[in-house]
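Hi,

I am handing over the structure we talked about. Please have a look below, then read on for what turned up.

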Amino acid sequence: MAPRPTYDPGPTIAHAGGINIGTPDLQKSLWFFRDIFGMEVTAEDDGVAYLRGYQERIHHSLVLTQQDEARINTMSLRVSRPQDVELFHDQFVEEGIEVRQLGAGTELGRGEAVRLLLPGGGHPLELYYGIERPLAPEGMRSKLFGNSSIRRGLGVQRIDHLNIQTSVQNMAQAEGWLRESLGMKRREAMVLPDNPDVPYVSWLSVNSKLHDIAIGSSQTGEDAQFHHVAFALENMHDALTAVDQLRDLGIQIDAGPGKHGVGQAMYLYVRDPGSGYRIELYSGGYPFFDPDHEPLVWEPKDMTYGMTWYGDNPLVHADTSRYQETMPVAGLDLKTLIND
């Protein structure tokens, strides 16, 4: 009997991996993520702190970097196999994309990676596979083997997704590249009736989640805009508990709590007081298991329900809405990750 031929799908993405937030006030950001959100600090090194949620066994999903200017230094995606880092590098070079190779340890606890700017978007993306899996200190270890540490604070489990924006003119290129070159699947989208082939907003994932990355058209017409990073909570009640505590602490709330119609998860959008960047606390939603799932398409007339099924709708007027405001990101070279 002839041997069955092997099939190699080529390099693939596994999930959203992490984010590096540059903050002018590292101690205030640490207070927010460590003490209020309950994330574990796995390492601190020369003005940089590495954190993870209580159900993340990897070294970190969040990096906080002390620097003069608040900006997103890096958004990262984990690939499916060790060889996929090199395979993606070669693929990007063939596509004519400028790529930086990052040696193991460039980001503490992480293996080698490649860095590029999202075509059509300009957002810094890093793809990696190898990452350390440190045990929590003995006093922080949970008796539940599925938890990397005991649950503290608001109980952030893990990173969930990234949300970015680019100009309307470049939306087709950026969203198309995420699907065609990274293999992401469009789960839901909002389109304009006069241009139904190009989404105005697209929610994309490589697994059963609604999104690892969402990309939308920026209200300012600018590329390289960042909207928020989301961290998962265990259940919807946690989001309601969180808003009480955060309001008492004087944390800025941009929108929520409410339930999205798109994806049907609970949301609460707040600001890290150290960096001013928007953070979403996210819980629930429904999974996408069908391999032949067709994207669900919304139009503007339906988006009152799509944005918020219940709860107050976020204000969306660009001149008055804190929810609409976007924030800057770093460039391609690593020198842009430190103080200028």
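**Surface patches**

Keep in mind that the model is predicted.

E86 sits in helix α2, which covers residues 84-94. Is E86 buried or exposed? E86 counts as exposed because its relative accessibility is 53%, and the cut-off for exposed is over 50%.

There is also a nonpolar surface patch, made of Y305, W309 and Y310. Together these residues have about 390 Å² of accessible area. Y305 belongs to helix α5, residues 303-307.

**Annotated spans**

An unreviewed UniProt entry carries the annotation "domain: VOC". According to that entry, the annotation covers residues 12-130 and 158-284. Here is how each span looks in the model.

- Residues 12-130: 18% helix and 40% strand, with the end C-alpha atoms 14 Å apart.
- Residues 158-284: 20% helix and 49% strand, with the end C-alpha atoms 13 Å apart.

**Helix α1**

Helix α1 runs over residues 26-36. Which of its residues are buried? They are L26, S29, L30, F32, F33 and I36. Just after α1 comes G38, with a positive phi of about 85°.

That is the set for now. Send questions my way.

Best wishes

How values were computed: Residues are numbered from 1 along each chain as its sequence is written. This is a predicted model: local features need pLDDT of at least 70, side-chain atom pairs count only at pLDDT 80 or more; totals for chains, interfaces and linings use all residues. Side-chain values use heavy atoms; hydrogens and water are left out. Helices (H or I, at least four residues) and strands (E, at least two) are DSSP runs, numbered from the N terminus. Buried means under 20% relative accessible area, exposed over 50%, partly exposed in between (1.4 Å probe, protein chains only). Patches are made of residues with over 30% relative accessible area and no salt bridge: like charges are joined within 9 Å, nonpolar side chains (Val, Leu, Ile, Met, Phe, Trp, Tyr) within 5 Å. Accessible areas come from the Shrake-Rupley method with a 1.4 Å probe; for residues, only the protein chains shown count as cover. A salt bridge is a side-chain nitrogen of Lys or Arg within 4 Å of a carboxyl oxygen of Asp or Glu. UniProt positions are given in the numbering used here, feature names are shortened, and annotations may be inferred rather than shown by experiment.
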